[in-house]
Amino acid sequence: MASPVWHPYAHLLTQATAPKVVGGEGPRFFLEGGETLLDATCSWWCMIHGYSHPRLVAAIKEQADILCHVMLGGLTHEPADRLARELVRITPPGLEHVFFSDSGSVGMEVAMKMAVQYHHLRGKPEKHRMLSLMQAYHGDTSGCMAVCDPEEGMHSLFSGYLPRHHFAPAPQAPYDAGPDEVARDLAALRSVLERHHGEIAALLMEPLLQAAGGLNMTSPLYLTGARQLCDEFDVLLVFDEVATGFGRTGKLFAADHAGVTPDIMVLSKGLTGGYLGHAATLATDRVHDAFIGESPLHAFMHGPTFMGNPLACRVALESLAVFEEERYLDKIAGLNRVLREELLEDEALRRHPDVDDVRVLGATAVIEVKDGSRLQGVAAFARRQGVWLRPFGRWLYTMPAYVTPEVDMRQITGTMKGWFLK
């Protein structure tokens, strides 16, 4: 009997039977029947410690004996309080207030609502639209779909259903670009703000790495310039660090590359090491204090049932402790070195007629092809090499767990190259 599970992003007519995972350890998971696969994507980029990490598993078990869940409406508990304090400690200075939710998409919905209500409370209700970037992806809920790339994104079918927002061109200057190259990107952003700032509440961006929109990697100077433009035009700056947070770009947060503090920052995925769904939307005093007032409109009307779940908060605290105590930024630097050596510096790969570009940033690497059909069959090919790769569109990528040993990293990169150079 076929499973009744409806799988995400699956074409029901042509989808193959999904392999059944029965366990995992470190960077590998185990399939029913005995097959073992090296996970090159760490389960949509969240399992940063790998599978079955003993400290994270123990933290969940310990917390389950104390308190599994209680509503955060009108109540609090120690794991939520501790996690909020830790997030304030490690995020860019000025982010002093933490609103919990249960997924990255919901965390972004919170950020957008927060931005609109902030301007309303300041007497500017006309500032109720968002400004997003082309090649952006912020999630699959309705509000998030409306700020994903409307042309090449996956949600064009829903265009008639979604509210309309503004979009600026995706930045093109690469990570190591100079000021002149970045100036062109910032000029395009300024042009949109000059025309529409009167109705724009916030600029949303995935800093440095636009993940599911095509793994576009951009310059820290763009973040600096965007911060200045937002201040000039009275627009809040929102960083979606769901994918980039917790080391993915080589620093703890992508914002750290530029020394920029956004007005609002959204975290998820690596927040709990992938062990439970959870998210956090952090805000500055400037945003938070606008909600202090006597009218009913000053209450922020959002409250996910599972926000601040004690199990999720407790495992997130353990994830942060492991990250710091085991010097994960050093581990990420080692992964980056291998990715650069194996992919970025491989001239045969870069010159392959099917390859359009090869990019590396932190613990992320992508081979972009000219025609997405060139990647048909790559997942099955990788599986035969003992590697789990899941390409999308024109992009064959890896975002490995940070605990992946060097020999396993070279197995991943060798498999990626092998598809083209076989």
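Helices (H or I, at least four residues) and strands (E, at least two) are DSSP runs, numbered from the N terminus. By that rule the protein, a predicted model, has 13 helices and 16 strands. Residues are numbered from 1 along each chain as its sequence is written.

**Overall form**
- The C-alpha atoms fill a box of roughly 65 × 55 × 45 Å along the principal axes.
- Of the 422 residues, 53% count as buried (under 20% relative accessible area with a 1.4 Å probe, protein chains only; exposed is over 50%, partly exposed in between).
- Among contacts (heavy atoms within 4.5 Å) with a separation of 6 or more, 72% join residues 24 or more positions apart.

**Annotated positions**
- Under "binding site", an unreviewed UniProt entry lists W44, Y137, K269, G303 and R390; such annotations may be inferred rather than shown by experiment.
- These positions do not all gather at one spot, because they span 347 residues in sequence and the farthest two C-alpha atoms are 33.9 Å apart.

**W44 and R390**
- W44 lies in helix 1 (residues 42-45) and is partly exposed, at 38% relative accessible area.
- Not counting residues up to four places away in sequence, W44 touches P8, Y9, K269, R390 and Y397.
- R390 sits in the loop between strand 15 (387-388) and strand 16 (395-398) and is partly exposed, at 35%.
- With that same exclusion, R390 touches P8, Y9, T41, W44 and Y397.

Methods. Predicted model: local features only at pLDDT ≥ 70, side-chain atom pairs only at ≥ 80, totals over all residues. Heavy atoms only, no water.
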